Amino acid sequence: MGAACALLLLAGCGPKAPGDQPVAAGAKTATLPDMEADLARTLTEQPGFYQQRPLSDLPAGLPWQDGSDLPEFADPAARKGGTFRYYIQDFPRTLRTIGPDATGGIRPYLLDYVSVYILHDHPNVAGRMIPGLAREWAVDDAARTVYYRLDPDARWSDGQPVTTDDIVFTFYLMRSPHLGEPWYNNFYSTRYERLTVYDRYTFALTAPQRRPGLDEQISQFAPYPRHAFKDFGPGWLERYQWRTLPTTGAYTLLDRDVDKGRSVTFTRLTDWWARDKRFFRGRFNPDKFRLDVIRDPDKAAEAFARGDLDMFPLSLPKFWYETISSEHPAVKSGMLVRTKFFNRIPRPDWGLWINSHKPGLDQKDVRLGIHYATNFDLVCAQFFRGDAVRLETRSDGYPFRVHPTLTYRRFDPERAREHFAKAGFTTQGADGVLTNAAGARLSFTLTMGRPDLRDLLPILKQEALKAGLELRLEVLDSTTGWKKVQEKNHDITLVALARSVEPFPRYWEIYHGSNAYEDAYLDAAGKPVNKASEGTPNPKPGKVRVQTNNMTMTFVPELDRLIEAYDQAETMEEIKRIAVQIEEIIYDQASWVNGWALPFYRVGYARHVRWPQGFNVAKSRTADEFFLSWIDEDARRETEEARRSGKTFPAQELTFDPFGR
């Protein structure tokens, strides 16, 4: 029997997938895709990628590891129980974790923060991995391969075991054209060369080239449950829009706990398979995790102050210095705790992302003028009250400085006007806005999907006018704003990507031309291809590629060739050398205006919320990312009684810098 067909024999007879229910006699039904049949065809057609080998073929003498020499980072004494109350600004448009609208909303609580990956990087020890779904693993750098043994205890939330069936399905899913997600299609096709299955719990992943930290590079993903995707195929987005799926994580979302437009509530699995595992015990402690929709952050702050929420982010200066200041009665009475935590992460790339596909913005001199007309230094001084610093490059915060000398362009209205003049904008109107010979105004819409940052926009607007540039401000809710940007309908957007905590930056998804245009490169037959190395640049690309993170619509063939070489680099020295060249081209293209960074996050929480010693881990991007807190129910009752009686507690204002700045 062929290797592809043998893989199918690993599938068990699981329960019916969600939506796979008996149909009443006489009912009319639509023909649904047969995922298993398509999967079988895929395995047969791609034998070079999907391979089956007997366990006896597993190399002998592999250096198996399990992370047992590494320290725990949660508090094993943390208590289970209670309901943690938090908020979201907009109700999610889908429960999918892939596809349109899936990256916003509640995805962190469906996937990123809670799902168990094959391996996780240790959040306090750089370059070291800890077990996830794999209980042990072995790295063979020479063979560019990592071998894994799945934990036989691992279960989906519906009780089904996690096996290599799910690993095979996940790669099929992510590489499938039916997925409709070019980023995932590319990532799972180019980062992996081969998937080898040895038995129900043993498999290996081979990369196309050696990379520093191979296990870190290819092991951090969460599989999807094969038994829950029986009707995956054409039209799947609509069918799975509101479908709740089994998870490997500690929390499940039940249909009855989705109150559309109002709230979602996650329920802790009391028999969660990883509850007592070394790097999961002491985490995911509340019995319920409730997210209420509160569209206005100011209203959310009020709810937090009166005790209706258990936590509220205070990184924005308005909330730290004014709304929930140290003088707030709930803080002075000890009901609420204010905390500042210095983390160690690549900084989110806040800045202006200029859509260079748009008329006017396709001129480099206009983009350069926008750089010099943007006064983020004043934003740091006024809006952030000196707490924020300017980003030198869009790759600040990695273990090494990605470029040794590059820095941001300083605010300079005169230099801005020089560039605008080169682009033909020489006449200033009565309102201060420049026009060109055709009467077109130097005016663009600045879109932002963060209502809580709206107060910084007038600073940018009034400063830009000094250079003759009009910024028309558009503030949308987070979901609508992100959708507009992902569809490439913006002029300029103020946004940031939450960076993965990795040893070096990624560039392909943000700057490669194939993520700007579907027809950026053409092969000899004139068909679109996704790599510069596979075709020639299309001199007139016309089909915009949506749902990618190339929000500047950058298409520079020289840059694309460097990005492809960077992704093939096998040593840190080579990675660093090419990164310098990439950063220089990004700087020269001027499609991203350096924004700001905060070297910490600030958070407020109720006094009954407890945290481990040291508060959090080095790689935490938000206070709740690693689910380390727990609820002290005795303290909650004590606090509720104190609110009624007027009793007070000592005020708590805490700062943690356990890893050094």
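The model is predicted: local features need pLDDT of at least 70, side-chain atom pairs count only at pLDDT 80 or more, and totals for chains, interfaces and linings use all residues. Residues are numbered from 1 along each chain as its sequence is written, and side-chain values use heavy atoms, with hydrogens and water left out.

**Open sheet and its helix**

- An open sheet of mixed pairing is formed by 5 strands in the order β1-β7-β8-β6-β5; strands (E, at least two residues) and helices (H or I, at least four) are DSSP runs numbered from the N terminus, and two strands pair if DSSP finds at least two bridges between them.
- Because β1 (50-52) and β5 (134-140) stand at the edges, each with a single partner strand, one side of each is left without a neighbour in the sheet.
- From one strand to the next, the twist averages 20°; axes are lines fitted to C-alpha atoms, for helices over the stretch in contact, and angles run from 0 to 180 degrees between N-to-C directions.
- Helix α4 (residues 164-175) packs on the sheet and touches β1, β6 (145-150), β7 and β8, where contact means heavy atoms within 4.5 Å.
- The direction of α4 makes about 160° with that of β7.
- Strands β7 (residues 194-197) and β8 (residues 202-206) are antiparallel partners over 4 bridges, with R194 opposite T206 in β8.

**Hairpin of β9 and β10**

- Strands β9 (residues 251-259) and β10 (residues 263-268) pair in the antiparallel sense over 5 bridges, and L253 stands opposite F266 in β10.
- This hairpin has 3 residues between the strands, and G261 takes a positive phi near 85°.

**Largest pocket**

- The volume of the largest pocket is about 680 Å³; on a 1 Å grid over the protein atoms alone, a pocket is an open set of points with protein on both sides within 12 Å along at least five of seven lines, whereas a cavity is a set where a 1.4 Å probe fits but cannot get out.
- Its lining comprises 31 residues (an atom within 4 Å of a point), of which R344, I345, G397, Y398 and P399 are the closest to the centre.
- By class, this lining divides into 16 nonpolar, 6 polar and 9 charged residues; Ala, Val, Leu, Ile, Met, Phe, Trp, Tyr, Cys and Pro count as nonpolar, Asp, Glu, Lys and Arg as charged, and the others, Gly among them, as polar.

**Cavities**

- There are 5 cavities of 30 Å³ or more, and the second largest cavity holds about 350 Å³ of space; a volume is the space filled by probe spheres set on the grid points, which are joined across faces, edges and corners.
- Of the 27 residues lining the second largest cavity, L95, T97, L110, L245 and P246 are the closest to its centre.
- The lining of the second largest cavity has 19 nonpolar, 6 polar and 2 charged residues.
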